[in-house]
Amino acid sequence: MKLKRIFVAMLLCTSLYTATAVVADTRPELTPVPSELVMQQGEFEWKDNTSLWIDAPQADKQILTDYLQASGLKLSVAKKEAKKQQLVLKVVNALDGMSSQEAYQLNVTPQRIEITALSGAGLFYGVQSLLQLTAQYGNQLPALEIKDEPRFRYRGMMLDVSRHFFDKEFVKKQMDILSYYKINRLHLHLTDAAGWRIEIKKYPRLTQFAAWRPQAVWKDWWNGDRKYCEENDPQAKGGYYTQDDIRELVAYAQQHYITLIPEIEMPAHSEEVLTAYPELSCTHEPYKQADFCIGNEKTYEFLENVLLEVMDLFPSKYIHIGGDEAGKASWKTCPLCQARMKEEGLKDVNELQSYLIHRMERFLNSHGRDLLGWDEILDGGLAPNATVMSWRGTEGGLKAVEAGHHAIMSPGEYCYLDGYQDAPYSQPEAIGGYLPLQKVYSYNPIPDTLPADKVQLISGVQGNLWTEYIPTPEHVEYMIYPRMMAIAEVGWSAQANRSWEDFHGRALKIVEELKQKGYHPFELSKEIGNRKEAQQPIEHLGLGKKVTYNAPYWDSYPANGDKTLTDGLRGGWNYNDKLWQGFVTKNRVDVVVDLEKVTDIHSIAADFMQICGPEVFMPAQVIISVSEDGKNYTQLADLKHEVVRDDAVTFKNFGWTGSTKARYVRYQALASDKFGGVLFTDEIVIK
């Protein structure tokens, strides 16, 4: 409980007894913004004799009493309910107009403060709003009435502890602040190639060996030989949670009304398991496989035994089984996998994966649990009771909903917090992407096109932090905050109640508060913003003109299709903004812009980006030519560029300047023979 006492006390120590509140002139600033807030006349003053009375089930009463007594509020526990100078918390049978078990009503009057709710969780969230009010106003709270309930029942964050391990005290610290902003799920990505992070008694090699590597930093390990080592090796780096650690984390989560959701990856992302226990792979050789052998009965024996121990530790209804990015290559030639396909009448390896997912779901269901997985669990047919966590855009989640399944929306475009949150040159190295706070906040998990009878199948929203490039606790917090506060408001507050301008003002203050509490958030006040070229359209001679593609663009990144290169829109810090057009064919970029008439031209240029992690490279050669008739071309420039692999996110303009006349402009950009990859460009600017 030590962490919680420190955290909650710090919430109030700078404001409750020292701040001078100007109640009449200050509007309450609550995050997430509540459903209804009505100001009343007068104010309530905290005094030394203010007492606490709780009418709730004993377990909730104990949690809430301990929490409030550690909060810094001077509250003695009363023997009976009083009408004056008391904080009263009550679980009731009904709340006017609200049905969520997490709903609450908070009434501040000059005489007392009362929070009513349908459950202990609702009381806890009412307490969080009360603590935010005391942090803002000090010891004089304005009289008001709040009626509040969440938009979604699932409001979560995923923390990847496999790529880099973060100890239990750090996880507790995050639960302190996540619960303060009404996040109610913490999903732990416990297993992946980089390390197994949970003690399993039946399989000790998972933590004696598969939890350790010679390199502390994932990037060094990944770019090296990707070997594991024994726990007692002097070079061993890594770690894992003992089963006692997990029990401690689960108990701490329950005290914060957070559900911990474990993820045990299958059938892919399992190199660490298949090196510790190679007989579970198709080749039976260590360091050769990432996917479990689905034809091998020993695979199911292993997975079921692991899940039995996991379920014994985690009371969560959901057990996450991963299910993403299976290579499936070995299954096509593995005798056991092929025999399984024949025996079960499976037509392809997608259905083979689906067989495993269905079988794991039946096992989990038989133990009273539900299966949760990434959207690839749709491949080959979705298990009957499974919930889909949609990450590759929103399509997987919507497909699941259309089929009558529940979905949790977590699309990378809005919810992957491992991407840059500001100009890449100003930030620590990240996996790529560009996801500023405003874009996170703009996400609406329920599209307007979703039929009304399907809306309730969208269970909620989750922010994900993958930690390949995030090796330290401070860096984790830098990437999470304040973007998780945006996720919190997306998940809790009604869409109609949300305002970016209002949230941004609150977020600036939240960052300062977080720093005072010992967290390491992104400095929002120093945000640079998007690439300047992307901030307004550009006028040029080619604007709106027809583009002929001699080599096609990549249909995975079409941007605005045939109009992209002359639509006047420039790309931002990453191709995920859908303004950059991708090219992957042998000839990469080879296009002709028709200016419709012979025109005086003085410059022709286009921008390219390089982000080597996802294999996005600069061109090695750019050729610019012009023609008056579309048949006979004159070459204006042949630009050579040495492509070098690096860790930076860079942009370069390749162009020609001079004086010529032409109707047709041909722009060619070729890839390096050494690196290949994808070329991305956004506009051919002709002046």
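The model is a predicted one, in which local features need pLDDT of at least 70 and side-chain atom pairs count only at pLDDT 80 or more, whereas totals for chains, interfaces and linings use all residues. Residues are numbered from 1 along each chain as its sequence is written, and side-chain values use heavy atoms, with hydrogens and water left out.

**Exercise 1.** Determine how Arg506 and Asp502 interact, and whether each is buried or exposed, or in between.

*Solution.* Arg506 forms a salt bridge with Asp502, with 2.9 Å between the closest N and O atoms; the criterion is a side-chain nitrogen of Lys or Arg within 4 Å of a carboxyl oxygen of Asp or Glu. Arg506, at 4% relative accessibility, counts as buried, while Asp502, at 39%, counts as partly exposed; buried means under 20% relative accessible area, exposed over 50% and partly exposed in between (1.4 Å probe, protein chains only).

**Exercise 2.** Which parts of the chain does the salt bridge between Asp647 and Lys219 tie together?

*Solution.* The closest N and O atoms of Asp647 and Lys219 are 2.8 Å apart. Asp647 lies in the loop between β24 (634–640) and β25 (649–670) and Lys219 in helix α6 (residues 218–223), so the pair ties together parts that are 428 residues apart in sequence. Lys219 counts as buried, at 17% relative accessibility.

**Exercise 3.** Describe how helix α10 (residues 335–344) packs on helix α11 (residues 349–366).

*Solution.* The two helices, α10 and α11, pack at an angle of about 80 degrees with their axes 10 Å apart, the axes being lines fitted to C-alpha atoms over the stretch in contact and angles running from 0 to 180 degrees between N-to-C directions. Helix α10 is therefore roughly perpendicular to α11, a class that covers 65 to 115 degrees, with angles under 35 counted as roughly parallel, over 145 as roughly antiparallel and the rest as oblique. The contact (heavy atoms within 4.5 Å) is made by Cys337, Arg340, Met341 and Glu344 of α10 and by Val349, Leu352, Tyr355 and Arg359 of α11.

Definitions and conventions
Helices (H or I, at least four residues) and strands (E, at least two) are DSSP runs, numbered from the N terminus.
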